[in-house]
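Welcome, and please take a moment to look over the sequence and the fold.

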Amino acid sequence: MSLVSVIGAGSLANVFANVLHDFLPEFKLHSVLARNQEKAQVFASKYNCSAVFSFEDFLKNAAPVVVELAGGAALKEYTLPILKSGRTLICLSSGAFTDDAFKQEAICTAAKNNGRICIVNGAIGGLDFLQTCALQRGASEVVIETTKSPKSLLGAPALEGKTLDLTKKMVVFEGGVQEAIRGFPKNINVGVITALASENPHTKVKIVSDPEVHSNTHKIIYRSALADAVMEFSGKPDPANPKSSTTAALSAAACLKNLYSPISFW
């Protein structure tokens, strides 16, 4: 049986733990680190693992694989020490890697200490296909189109001082990845967009406001001499945390399964 530790004890951590219990009995939760002691204790009792409230104590005895389900701030705080310890880090909140200096330091730290960083798809798929196509010669085009309700876009820095029509469908942004991240940091899947852009530096982002939609839709459009593809994903919100998608936690479990499985599919 393989042990795994988790950072975070919220709704996504519970989804992840339930998947291990129901579908992946070859894995056992070893420990959980969370700032909220009450949540951590409830989580630990429910899934028969130890609750830890100090990162130093957590790192001393953490399992060989650590899964981050706690948000970008936690990921940025804990990534380097985890990698220095030679562990594998599976992370959901990969938006922290939009900081290129931090990303490069993490990569170097992992390489020097036999650590590993696994960035999962989260609520969006298609990374496997785009990684394959990135190995071809010649130009290619990638457009990531995100469609959300206008109310969910309110408060975005790019819309400050602007009036957003709440009654009709409209394109509110078209441009480059870094500009999209600065303008809509909480409205797009920053981690996946960053990963896609690393495979294709010419990736563009399009954000659409549509009052008729009831779920967030992400469309990836790829064109090149090798292939044309359109991939569309509509994730339903997690009932326990409407700001998150349940499939995000499932993708972390799928990654863990692939790491240990004698056969993997990419």
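A polar contact here is a pair of N or O atoms within 3.5 Å, where one must be able to donate a hydrogen and the other to accept it. With that in hand, look at the N-terminal end of helix H5 in this predicted model: Asp-99 caps it, with a side-chain oxygen 3.2 Å from the backbone nitrogen of Ala-101. Helix H5 covers residues 100-113, and its end C-alpha atoms lie 20 Å apart, which agrees with the 20 Å that its 14 residues should span at 1.5 Å a residue. Just after H5, Asn-114 takes a positive phi of about 60 degrees.

Which residues of H5 are buried? They are Phe-102, Ala-106, Thr-109 and Ala-110. Because these residues cover an arc of only 100 degrees around the axis, they sit on the same side of H5. They pack against helix H4 (72-84) and strand E6 (116-119), while the face turned away carries the exposed residues Ala-101, Ala-111 and Lys-112.

Now for the nonpolar cores.

| Core | Size | Residues include |
|---|---|---|
| Largest core | 33 residues | Phe-16, Leu-29, Leu-69 |
| Second, separate core | 25 residues | Leu-159, Val-172, Phe-173 |

H1 gives the most, with seven residues.

H1 also holds His-21, which counts as exposed at 63% relative accessibility. The side chain of His-21 makes a polar contact with that of Asp-22 (3.0 Å).

Definitions and conventions
Residues are numbered from 1 along each chain as its sequence is written. This is a predicted model: local features need pLDDT of at least 70, side-chain atom pairs count only at pLDDT 80 or more; totals for chains, interfaces and linings use all residues. Side-chain values use heavy atoms; hydrogens and water are left out. A nonpolar core is a set of buried Ala, Val, Leu, Ile, Met, Phe, Trp, Tyr and Cys residues joined through side-chain atoms within 4.5 Å. Buried means under 20% relative accessible area, exposed over 50%, partly exposed in between (1.4 Å probe, protein chains only). Helices (H or I, at least four residues) and strands (E, at least two) are DSSP runs, numbered from the N terminus. The expected span of a helix is 1.5 Å times one less than its number of residues. The arc is that of the directions from the helix axis to the C-beta atoms. Contact means heavy atoms within 4.5 Å.
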